[in-house]
Amino acid sequence: MDTRHLQYILTIAQKQNMTKAAEELFVSQSSLSQYLGKLEQELGVPLFERTRNKLLLTPAGERYVEAARKILDIEKETYADIRSLNNRSHITLGLTSQLCLRMLTAIVPSFKKEFPEATLEITESNVISLTRQLLEENIDCAVMAVHDTTAFSQDQVDILGTEEILLAVPKNHPYCKKNPGNVVAWKDIQKELNEDNFLICRKGSTLREVTNQLFSALHFDPSTMCETNSIITTRAMVAMGIGITFIGKSCKQDESKIHYYRLDPPLTRNFALIRRKNWVLHTPEQRLCEEIKKYFKRKSVKALMK
């Protein structure tokens, strides 16, 4: 049995659509349909019920998917065990924020020096995507800026630190003269900045989720100029006077051109190390997790999060 074909069925079950499954798997829709047809013919029962808009698992399909997941888990754990014999681990790590990327550049050199045969595969994405990949066990772990970890059990999550969210306003904005301090009340955002262009993160980011709470509480629908997940681009646009934005304290830069305000009441987000449920940690995996935790305990990072 080619275990790759098991993943075909799992992906069809997840997407509930042959076209979307084929796109996810990078195979042609006709090849995927032919494989499913041959498998169902071999089993003598349909695995999916064909409705107008969805492919839904039959009872036989549910049994097949359950078994397929177990087989793929065994394969993954066996490969990990074999690689661990010579510290040849292959670790898939998800990251969301700029601080997480800086963390990676700080810890990788020493990690690779200790485990030269280990491989790190990095995925940069948003919280929604990485959460799905962790739950489906498609990545081993992720360091994420998160607002909610209820999708995971407590033993999967280590909270690494808490970061304050700031309001970034161009230095030459009239409001900076009116309020030269470093604190802005929520009500003033609506009262004083309601005609400004807001540069906001795309849906799926923790920063967007947190700031949406502020807008909802104020019953405020801001004028949105653009949506992006690039903090560097957003910060540059604020520095040029194009708009205002919310930003994590760890991303605070260009203070000669940008005035940063703390919010009253404050808004925060957490950084967390989250592991997939059935991840087997050998020496390289354990050391990587230890180094990630140590990084977030260092005084320089603590200062960013005060």
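**Entry 1.** I started with Glu163, which counts as buried because its relative accessibility is 0%. Buried here means under 20% relative accessible area, exposed over 50%, and partly exposed in between, with a 1.4 Å probe and protein chains only. Glu163 sits in strand S6, residues 157–170. I took helices (H or I, at least four residues) and strands (E, at least two) as DSSP runs, numbered from the N terminus.

A note on the ground rules: this is a predicted model, where local features need pLDDT of at least 70, side-chain atom pairs count only at pLDDT 80 or more, and totals for chains, interfaces and linings use all residues. Residues are numbered from 1 along each chain as its sequence is written, and side-chain values use heavy atoms, leaving out hydrogens and water.

**Entry 2.** What does the side chain of Glu163 pair with? I found a polar contact of 2.4 Å between the side chains of Glu163 and Ser250. A polar atom of the Glu163 side chain also lies 3.3 Å from the backbone nitrogen of Lys249. For a polar contact I need a pair of N or O atoms within 3.5 Å; within protein, one must be able to donate a hydrogen and the other to accept it, and residues adjacent in sequence count only if both atoms are side-chain atoms.

**Entry 3.** Next I checked helix H1, residues 3–15. Its 13 residues should span 18 Å at 1.5 Å a residue, and the end C-alpha atoms are 19 Å apart, which agrees. The expected span is 1.5 Å times one less than the number of residues. The buried residues of H1 are Leu6, Tyr8, Ile9, Leu10, Thr11, Ile12 and Ala13. After H1 comes Gln16, with a positive phi near 55 degrees.

**Entry 4.** Is Asn17 buried, partly exposed or exposed? Asn17 counts as partly exposed, because its relative accessibility is 23%. I placed Asn17 in the loop between H1 and helix H2 (18–25). Beyond its neighbours within four places in sequence, Asn17 is in contact (heavy atoms within 4.5 Å) with Ile12, Asn53 and Leu55. Asn17 and Leu55 are 38 residues apart in sequence, yet 5.8 Å apart in space, C-alpha to C-alpha.

**Entry 5.** Last, I looked at the whole protein. I logged twelve helices and twelve strands, and a C-alpha trace spanning about 75 × 55 × 30 Å along its principal axes. Buried residues make up 45% of the 306 residues. Of the contacts between residues at least 6 apart in sequence, 73% join residues at least 24 apart.
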